[in-house]
Every structure is written in C-alpha cells, then in structure tokens.
Amino acid sequence: MAKGDRFFVSGFIRTVTASNLTIWIFGNNYANVDTVPVKSDGTFQYEIRQETTRSLEQGPYYIVIQHPGENGRFEIIPEVYGTSRNSD
C-alpha cells in the first residue's frame, strides 16, 4: 500500500451472531480501534481512508478483526493510561 491509497478490509462471518466487529490496526507509531457493522448476510467492510494512509510511516502494520464471541461481549478492550472503555 502506498501513502494516500484507500485500503479496504472485508470478510464474511459464517454464523451472524454479532451486529458489529472490532477492527484493531497497529504499527509504527500508530494504533486505532474502531467498529464495523456486520450485514445480515454476514459480510463486513471497513475502509482505511486516504487521509489515514497518507500519514502512516513506512513499516509493518497489523490488522486484527475481533468477534464478540458466543456471549456477545468484546472481552479484549483498549486501555489507555489506566482507563478502559466499558464494553457493556
């Protein structure tokens, strides 16, 4: 991916038990956590916009897609400086 490119993450979940997924993106001096809706057919798509890729440093980046699991809760949540986002 070149600076300024749009980038899409898309996929399919076989059993639609979640209305949202969490998208984790992290790499060199960058971290972002966001949610993406799951459509009724099990598909999802998340766009990383040009404004974001334009400012990314060169190097490896990792994308993790988190499903809430059978209990419907995201049990891994971001924590920043001792405070956390409540997943309820």
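In which strand does Gln66 lie? Gln66 lies in strand E5 of a predicted model, in which residues are numbered from 1 along each chain as its sequence is written. Local features require pLDDT of at least 70 and side-chain atom pairs count only at pLDDT 80 or more, whereas totals for chains, interfaces and linings use all residues; side-chain values use heavy atoms, with hydrogens and water left out.

The protein chain contains one helix and seven strands, where helices (H or I, at least four residues) and strands (E, at least two) are DSSP runs numbered from the N terminus. From the N terminus on, the order of these elements is β-β-β-β-α-β-β-β. Of the 88 residues in the protein chain, 24% are buried (under 20% relative accessible area, with exposed meaning over 50% and partly exposed in between; 1.4 Å probe, protein chains only). Among contacts (heavy atoms within 4.5 Å) with a separation of 6 or more, 61% are accounted for by residues 24 or more positions apart.

Gln66 is buried, its relative accessible area being 11%. A polar atom of the Gln66 side chain lies 3.2 Å from the backbone oxygen of Ile76. When neighbours within four places in sequence are left aside, the residues in contact with Gln66 are Leu21, Thr22, Trp24, Phe74, Glu75 and Ile76.

One salt bridge is counted, defined as a side-chain nitrogen of Lys or Arg within 4 Å of a carboxyl oxygen of Asp or Glu. The salt bridge is formed by Arg6 and Glu47, whose closest N and O atoms are 2.8 Å apart. This pair links distant parts of the chain, with Arg6 in the segment before strand E1 (7–12) and Glu47 in strand E4 (residues 43–48), 41 residues apart. Arg6 is partly exposed, at a relative accessible area of 49%, and Glu47 is likewise partly exposed, at 28%.

The largest pocket has a volume of about 220 Å³. On a 1 Å grid over the protein atoms alone, a pocket is an open set of points where a 1.4 Å probe fits, with protein on both sides within 12 Å along at least five of seven lines, and lining residues have an atom within 4 Å of a point. The volume is the space filled by probe spheres set on the points, which are joined across faces, edges and corners. The lining of the largest pocket comprises 14 residues, of which Met1, Thr53, Leu56, Glu57 and Tyr61 lie nearest its centre. Helix H1 (50–54) and strand E5 (61–66) are the elements that give two or more residues to this lining.

Key:
Polar contact = N/O pair within 3.5 Å; in protein donor to acceptor, adjacent residues only side chain to side chain.
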